[in-house]
Amino acid sequence: MYERIRNYLSGQLDIPAEEMSRETTFESLHLDSLDMVEMVMDLEEELGIDLGMEGDLQIETIGDLADFIEEKLE
């Protein structure tokens, strides 16, 4: 899942995937809340699931999001 998110961000932001790690924050990539919503919607469509990202989720890094999605897929 991490690689899928990293590749998605690489394509959307025109940043080489190799420059991102699990610890890369969305803030450091200059993603605002609208960008995050769009990314989550794209991932939901691609995966065919509802990630239920409402509430006070503490998802700040690529790794956080990958772990969250992997838990939802279990």
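A: The model is predicted. Helix α1 spans residues 2–13 and helix α2 spans residues 33–47. Their axes lie 12 Å apart and form an angle of about 125 degrees. Because of that angle, α1 counts as oblique to α2. The crossing of α1 past α2 is right-handed.

On the α1 side, the contact is made by Arg4, Ile5, Tyr8, Leu9 and Gln12. Their counterparts in α2 are Glu38, Met39, Asp42, Leu43, Glu46 and Leu47. By residue class, this contact comprises 6 nonpolar, 1 polar and 4 charged residues.

Some of these residues also belong to the largest nonpolar core, which has 20 residues. The members that touch the most others in that core are Ile5, Leu9, Phe26, Met39, Ile62, Leu65 and Ile69.

Setting aside neighbours within four places in sequence, Leu9 contacts Asp14, Met20, Phe26, Leu29, Leu31, Met39 and Ile62. Among these partners, Met39 is also one of the α2 residues that meet α1.

The loop between α1 and α2 contains Glu19. Glu19 is classed as exposed because its relative accessibility is 60%, the cut-off for exposed being over 50%. Between Glu19 and Arg6 the C-alpha to C-alpha distance is 9.5 Å, with a sequence separation of 13 residues.

Conventions:
Residues numbered from 1 in each chain as written. Predicted model: local features only at pLDDT ≥ 70, side-chain atom pairs only at ≥ 80, totals over all residues. Heavy atoms only, no water. Axes fitted to C-alpha atoms, helices over the stretch in contact; angles between N-to-C directions. Helix = DSSP H or I, 4+ residues; strand = E, 2+ residues; numbered from the N terminus. Parallel < 35°, antiparallel > 145°, perpendicular 65-115°, else oblique. Left-handed = near helix turned anticlockwise from the far one by under 90°. Contact = heavy atoms within 4.5 Å. Nonpolar A, V, L, I, M, F, W, Y, C, P; charged D, E, K, R; others polar. Core = buried A, V, L, I, M, F, W, Y, C linked by side-chain atoms within 4.5 Å. Buried < 20%, exposed > 50% of the residue type's maximum accessible area, 1.4 Å probe, protein only.
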